[in-house]
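Here are a few notes to read alongside the model.

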Amino acid sequence: MRSIWNGAISFGLVSIPIKLVNATENHSISFRQIHLADGGRIRYRKVCELDEEEVSGGEIGKAYEDADGTMIPITDEDLAQLPLPTAKTIEIVAFVPADRIDPLQMDAAYYLSANGVPAAKPYTLLREALKRSNRVAVAKYALRGRERLGMLRVVDDVIAMHGLLWPDEIRAPQDAAPDGDVTVRDAELDLADALMDTLGEVDMDSLHDDYREAVEELVAAKAAGEIVLPAEPEDTGDGKVIDLIAALENSVRAARKSRNVEGAGDGDGNGGMADVHPIKKTPSKTSGAAKRTTHRTPTGKTVTRSGSSTAKKSAPKATGAKKSTSTTKKSAGSAGSRTTARKTATKTAPATAKKTATKKRTSSSGGTTAKKTAPSRKRTSA
């Protein structure tokens, strides 16, 4: 790797020659500007505003623009005369716990490489001291014409340095929090915890830039003359207010499904609500008997009863004895003696149920028993 800065680490009176190397690289795809009419490349040219002539790099200097627009020239010699002890030195000023460094301050990252054989011993000493102390070093250094703040830590067997923003460069998070008092229920927190547990951890090395890969595929397809079809847009919700509980529940289900987590129920339920259907739509023989019942009266007439009155008497959970008693009460009412029929039905119900088992027209509902109980009623009336 090519070094971008050579200097030394100042560790008290110990000086460690090092080379500064970029620890990161940019993989984003860059584009050029072209003229749409003919595809010609568009370039930026440096032109002087006064004479409107193009100026080469050797003719360009730097200046500070004052508030009124006045340009104050500043030369490299002017800057070189300034007292900058960190111009070629990474000066360690303190050792602090790593959690003392606010991640908001972290900027670019570099590797510090020992520059030459004499640097190996002091370099290893500083590395092992940082490891054993479980602390990081805070240092000052100068790069690209300005003094900066840095943090030194150990990565594997190498000392790495993170450029840090100065504390006064961190903006306070004013007006960033939601307005007003927002209350979060325990049920919502429980679902959020469940979602976090389901998502779990991730191997950071497995993460990659999906958009960059899509751009590379697009460029390759266009270079090959292929027709590129537009992708279907994803539903982002458009900032609509949603049911937070429902969104969390759906998120947990989706996360479990994507990670093949089994044994987790939906937990939907119907809230204790059941579907109600009319009796006529229930596929049951009892319902059919309730609609139409045929029996013979003591006088020998055949009577067919239909309607809701019989259906009401034929409750789904009633036993055979109770239904026989109900039918006997109806038959006894037509004979004119309600009290006598009730007593007779109580005495004859068990025997009548056995005799009519082969002749009943409804399933185990007791059917009609008036025909078999007629002799008993005649004897009782006599």
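Buried means under 20% relative accessible area, exposed over 50%, and partly exposed in between, with a 1.4 Å probe and protein chains only. This is a predicted model, where local features need pLDDT of at least 70, side-chain atom pairs count only at pLDDT 80 or more, and totals for chains, interfaces and linings use all residues. Residues are numbered from 1 along each chain as its sequence is written, and side-chain values use heavy atoms, with hydrogens and water left out.

1. Do look at Lys131, which is partly exposed at a relative accessible area of 34%. Lys131 forms a salt bridge (a side-chain nitrogen of Lys or Arg within 4 Å of a carboxyl oxygen of Asp or Glu) with Asp157, the closest N and O atoms being 3.4 Å apart. Lys131 sits in helix α2 and Asp157 in the loop between β8 (146-155) and β9, 26 residues apart; helices (H or I, at least four residues) and strands (E, at least two) are DSSP runs, numbered from the N terminus. Asp157 is partly exposed too, at 49%.

2. Another of them joins Glu169 and Arg146, with 3.6 Å between the closest N and O atoms. Because Glu169 lies in the loop between β9 and α3 (186-199) and Arg146 in strand β8, the pair ties together parts 23 residues apart in sequence.

3. Gln105, in the loop between β5 and β6, is worth a look: Gln105 is buried, at 13% relative accessible area.
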